[in-house]
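Subject: Structure handover

Hello,

Here is the structure we spoke about. My notes on it follow below.

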Amino acid sequence: MSATLIVVLVVIGAYLAAHVAFEWLARRFMVVSGAEYLLLGVLLGPEVTGLISPRTVGGFAPLMMLALGWIGAVIGAQFFIPALVRIRGMLFQVAFTEAVLSLVLVSTIMGAILLWLFPLTPGAAVVPAVALGAIATASAPSGIAVVSQSLGRRGRVVQQLEVATAVDAAVAIVAFGLLLSIVHVTPDVVPRAPTATEWAVIGVGIGVVGGALFHLFLWGERQIDRLFIALAGAIILASGAAAYLGLSPLLPTMLIGAILVNTSSNRGEIKEVLGRVERPLYFVLLIFAGAAWQPEVAGWVLPVLLFLVVRLLTKLSAAWVAAAACGALGELGAGWGRALLGQGGLAVAIALNYRLHEDALYADIVFTAGLLSVLLTDLLSARAAGAVLLPRLRRNPPVTSTGLSSLEGEGD
Amino acid sequence: MRRLLILGLLFGGMVLILPLASGGQGSRTLLTFGFLILAAYTVGEIAASLGLPKIVGYLVAGVLFGPSVLATVRPEGVARLAPVSDLAIALIAFLAGAELKWDEVRERGVLLLRIMTAELAITFIALAATVWFLQDALPFLRDAPPASVAAAAILFAAIAIVHSPAVTMALLTETGARGPVAKTTLGVVLLADVAVVLFFSAAMAVARAIAPPEGVVATASVGLIIWEILGALVVGGLLGVAVAAYLRFVGRELLLFAVLVAFFGLEIARLAHVEVLLTLLMAGFITENVSPHGDDLREALERSAAPIFVVFFALSGAKIHLPDIIPLLPLVVPIAAVRAGAIWAGTRLGARWGGAEPAERRLVWMGLVSQAGVAIGLAAIVAEAYGALGEQIRNLLLALIAVNETIGPILFRRALARGGEAEA
């Protein structure tokens, strides 16, 4: 059977499965859809049935890079500064503290675990450890959105969680983007190899210069179809440039999304266009991520299980410490971090980006850890968020939207 | 002007980036593909400001940044993007089928059939005769025996009569024209698309009989040709019923679903060895006419049609190899003129025979000049079957298609404007 036909059958199967099974589950048990596509990809990939071969997965690598770039742009488009400055500063303090603590703690602990389990130098262990830290930092807003929508109310905790998931995403993307700049191995096609700092500047430069140029390019374009063509071209170009240089497409496209939404008068149309193909690309990304799962490193089970435990404990304790340090424990409650346990599209995107990177160390472990974390937490994210939100939403007065929930309904 | 300047800066940035990595071919393709989309978009807007159809701009951008001029997109990049091109043409075929309403087909079927018959017959005879008379001017036919010249003339004419559903749909989407000239042109183009497949198969059989190719390929049986057509109708019909069922029972994520249907239709048609375009045309036609929700899918497709046309025509432009075409232009321009004249005569005759409105009699021929993907595909078959002679015929055809692909949209847009169905 041809590769394309298989892919089409896979996607149709996934979609129908999602429609029949997960809509019912979502209504009945507050399960957020997304993980089912991942699971289906794993089932049809080389590790289980082999219907999608590694060659097919490799052939669609450019499409995956495009999906990564699109996710980055959607996340960046959340950061509309005039809306952000209306949010209380304390919410950002809590969110940044929680995100940075999660990143540092998970990276440190996982680095130690990898050193203990595998014959690695400390310098080499830093790379997969920080990648795992970035994955662990990402948290999905979908569970929070499901609960607050089902109640039809918003409160301070919802606002804090929206800020926290957005900041988690930004911190995860920046950390991962810088990591790939640092571990970059320069091919011998240039006379002098750029340093890690120069690679980081190049990555950020693609985003900033691209954002400025695309702002001028898209300026004044309000017709959705034409805007779609130009914006798709811009994201494909930026993703392609980053991927070509061996950098992560997530960071430059996040910058482009943020620049466009802050500098363009047609920001509403830009967000509409980004949302138009976000879902199809997200589903395709999940399926291919599942199909790309093919662990070759022996003994991946223990580090992956340890990662899941470390993330759980770190996320809860980082959230508690952040709230306590900023004096918000009374308002948020000791267990508010439970609502940040859910993971989705961004965690998959980072894991897949690491898996596709040529110079990645222990890519299988990092990728498997990311996928398993999404599979487990996505199913429970709405219930975990519900446990935090339900008592407080019933008690506290409603507040206005933060404008940081553009990824509701999706993974991250 | 602003966009052109930014495009220049992006091009400069890309030139700076390229030496920094040897990169995977896939990511380089993605990089250049993004640039090609922006370039096509910009040149398309410039074309529109000059009163030309946007697709002419997309084609020009494809030629300019394609392998034969600036080589921003390399030949291997164009080859890698072939599935994107295939998907675009499948979506266009599905959309074209969905534009046909059963009531209109029943009402105007005889008229369309008469226009098509007269137009195809006169154009075929005129073009075959032109090649025959031009044999001394064509280097590859100068010393050929009469049988080979006759075979070449038949094959050339059988492909040169082909129209372009893609250009027709692109112009109708761009202008929003839905009047009698638009509908009759679309009807004739789609009907002719079915007829030329049959006609080409017959022409190939005749050519093989009078001048058998040296040591190549078995002749396709009549059964296979019939299966290619009838099978496409059956497979497309079943696909259309399945799509209608989806719309009835699920009816969500229509854009994603439309893309999947196009992919699926392509693969099924290839596996079943049936005509791809006809399969998707039929699927679109059945969906639109069987399902009460067919309009929803058609609207979703129409919303995504603009990017599809940009991609398809920019890639079509990138496939045009100027160094092969330019030397042939002195020969191709008179052939293109003969073809256009024959289309004019045939269409007028057919329209009069079918009792068409005066505007249709005067203007429909202008929508039939365009050529694109289908003709290129058939030219490749001839090249494969006839070796060196086939290659020469293909080059001549590609040059003719390049001319018609550029002039055709301009003429069709003018026809729609004159008929009062689009802005001038």
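A residue counts as buried if 20 or more other C-beta atoms lie within 10 Å of its own, as exposed if 12 or fewer do, and as partly exposed in between, with C-beta atoms placed from the backbone. By that rule, buried residues make up 59% of the 412 residues in chain A. This is a predicted model, in which local features need pLDDT of at least 70 and side-chain atom pairs count only at pLDDT 80 or more, while totals for chains, interfaces and linings use all residues. Residues are numbered from 1 along each chain as its sequence is written, and chains are lettered from A and ligands numbered from 1 in the order in which they are written.

Chain A overall

Chain A has 18 helices and zero strands; helices (H or I, at least four residues) and strands (E, at least two) are DSSP runs, numbered from the N terminus. Two residues are in contact if their C-beta atoms, placed from the backbone, lie within 7 Å. Of the contacts in chain A with a separation of 6 or more, 83% are between residues 24 or more positions apart.

One residue of chain A

A:Val167 sits in helix 9 (residues 156–182) of chain A. Is A:Val167 buried or exposed? A:Val167 is buried, because 23 other C-beta atoms lie within 10 Å. Leaving out residues up to four places away in sequence, A:Val167 touches A:Phe92, A:Ala95, A:Phe96 and A:Ala99. A:Gln78 is 89 residues from A:Val167 in sequence and 10 Å from it in space, C-alpha to C-alpha.

Helix pairs

Two packed helices are described by the angle between their axes and the distance between the axes. Axes are lines fitted to C-alpha atoms, for helices over the stretch in contact, and angles run from 0 to 180 degrees between N-to-C directions.

In chain A, the axes of helix 14 (residues 278–291) and helix 17 (residues 345–356) come within 10 Å and cross at roughly 50 degrees. Helix 14 of chain A is therefore oblique to helix 17 of chain A (angles under 35 degrees count as roughly parallel, over 145 as roughly antiparallel, 65 to 115 as roughly perpendicular and the rest as oblique). The contact is made by A:Tyr282, A:Leu285, A:Leu286 and A:Ala289 of helix 14 and A:Gly345, A:Val348, A:Ala349 and A:Leu352 of helix 17. By class, this contact has seven nonpolar, one polar and no charged residues; Ala, Val, Leu, Ile, Met, Phe, Trp, Tyr, Cys and Pro count as nonpolar, Asp, Glu, Lys and Arg as charged, and the others, Gly among them, as polar.

In chain B, helix 5 (residues 82–98) and helix 12 (residues 276–290) pack at an angle of about 40 degrees, with their axes 6 Å apart. That makes helix 5 of chain B oblique to helix 12 of chain B. The residues of their contact divide into twelve nonpolar, three polar and one charged.

B:Gly176 follows helix 8 of chain B and has a positive phi, near 70 degrees.

A nonpolar core is a set of buried Ala, Val, Leu, Ile, Met, Phe, Trp, Tyr and Cys residues joined through C-beta atoms within 7 Å. The largest nonpolar core has 322 residues, and those with the most contacts inside it are B:Ile37, B:Leu155, B:Phe156 and B:Ile159. Helix 17 (residues 373–418) of chain B gives the largest share of this core, 21 residues.

Regards
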